[in-house]
Amino acid sequence: MTRGRFITIEGIDGAGKSTQSMKLEELIASRGIRVRHTREPGGTPAGERVRELLLSSDMGPTAETLLFFASRAEHVEKLIRPALEAGEWVLSDRFTDATYAYQVGGKGFPGERVEELERWTLGDFAPDLTILFDIDPAIAAARLAARAGDKDRFERMGVDFFTRVREAYLTRARACPERFLIVDAAGSPEDVTAEIAAKVAPWL
Ligand code: TYD
């Protein structure tokens, strides 16, 4: 049995990841490949409960980081690894890069602590491909403002915060160009879909 591929989707809030990740799921499935679409925080029953807590309750960066990793450990053990080993592909909206971008880049939580947690909970387990939606935080903020419904506590952070998160994502992407595909999320949805399809095509 060939192991499936693990693809993650990253970017600041308001970058338009949700629509594109659904399109990518459709593209993969259209080739007859079984694909699991999941998300972080969340993805398992316990993880979804942790998600509710993370998005609604105010807490410090240590508690927050530990909870993201608690959800992630459960996610990898119960869903991601078993699916990949069964030959399915897994597409996750966010994964560990988000902790480096939001908690380390955005909030100043120490990067060595996140590295320790990553080693401890995941070993060398990492995505095969990460699609980073890059966008000017001011454009992303305008998109979020136009969206119906209440914002969660991360979405309420300001442009300065998202500028730091964006920089942290870009720094990680530049350090690991073989894993990352950076897409210009300010481009038209059609262009973004086409760019992603071209990158994933060699694997399909
Ligand atoms: P997301 O699912 O993208 O929110 P939405 O459903 O509104 O699209 O992600 C939830 C929030 O959690 C998002 O603002 C980013 C944040 N987050 C972190 O701060 N660290 C992490 O490790 C992860 C996975 C997410």
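Predicted model: local features only at pLDDT ≥ 70, side-chain atom pairs only at ≥ 80, totals over all residues.
Beyond its neighbours within four places in sequence, Glu10 is in contact with Lys17, Arg94, Phe95, Thr96, Asp97, Ala98, Thr130, Ile131, Leu132, Phe133 and Tyr169. One of these, Tyr169, is joined to Glu10 by a polar contact of 2.6 Å between the two side chains. Glu10 itself belongs to strand 1, residues 6–11. Its relative accessible area is 0%, so Glu10 is buried.

Arg94, also among the contacts of Glu10, deserves a separate remark. Arg94 sits in the loop between strand 3 (89–93) and helix 4 (96–106). Its relative accessibility is 13%, and therefore Arg94 counts as buried. Although Arg94 is not a glycine, its phi is positive, about 80°. As background, most residues other than glycine have a negative phi, and most peptide bonds are trans.

On the subject of peptide bonds, the one from Glu40 to Pro41 is cis, with omega near -10°. Pro41 is placed in the loop between strand 2 (35–39) and helix 2 (45–56).

How do the axes of helix 1 and helix 8 cross? The axes of helix 1, residues 17–30, and helix 8, residues 189–200, come within 10 Å and cross at roughly 40°. Helix 1 is therefore oblique to helix 8. The crossing is right-handed. On the helix 1 side, the contact is made by Gln20, Lys23, Leu24 and Leu27; helix 8 contributes Pro189, Val192, Thr193, Ile196, Ala197 and Val200.

Terms used. Residues numbered from 1 in each chain as written. Heavy atoms only, no water. Helix = DSSP H or I, 4+ residues; strand = E, 2+ residues; numbered from the N terminus. Buried < 20%, exposed > 50% of the residue type's maximum accessible area, 1.4 Å probe, protein only. Polar contact = N/O pair within 3.5 Å; in protein donor to acceptor, adjacent residues only side chain to side chain. Contact = heavy atoms within 4.5 Å. Axes fitted to C-alpha atoms, helices over the stretch in contact; angles between N-to-C directions. Parallel < 35°, antiparallel > 145°, perpendicular 65-115°, else oblique. Left-handed = near helix turned anticlockwise from the far one by under 90°.
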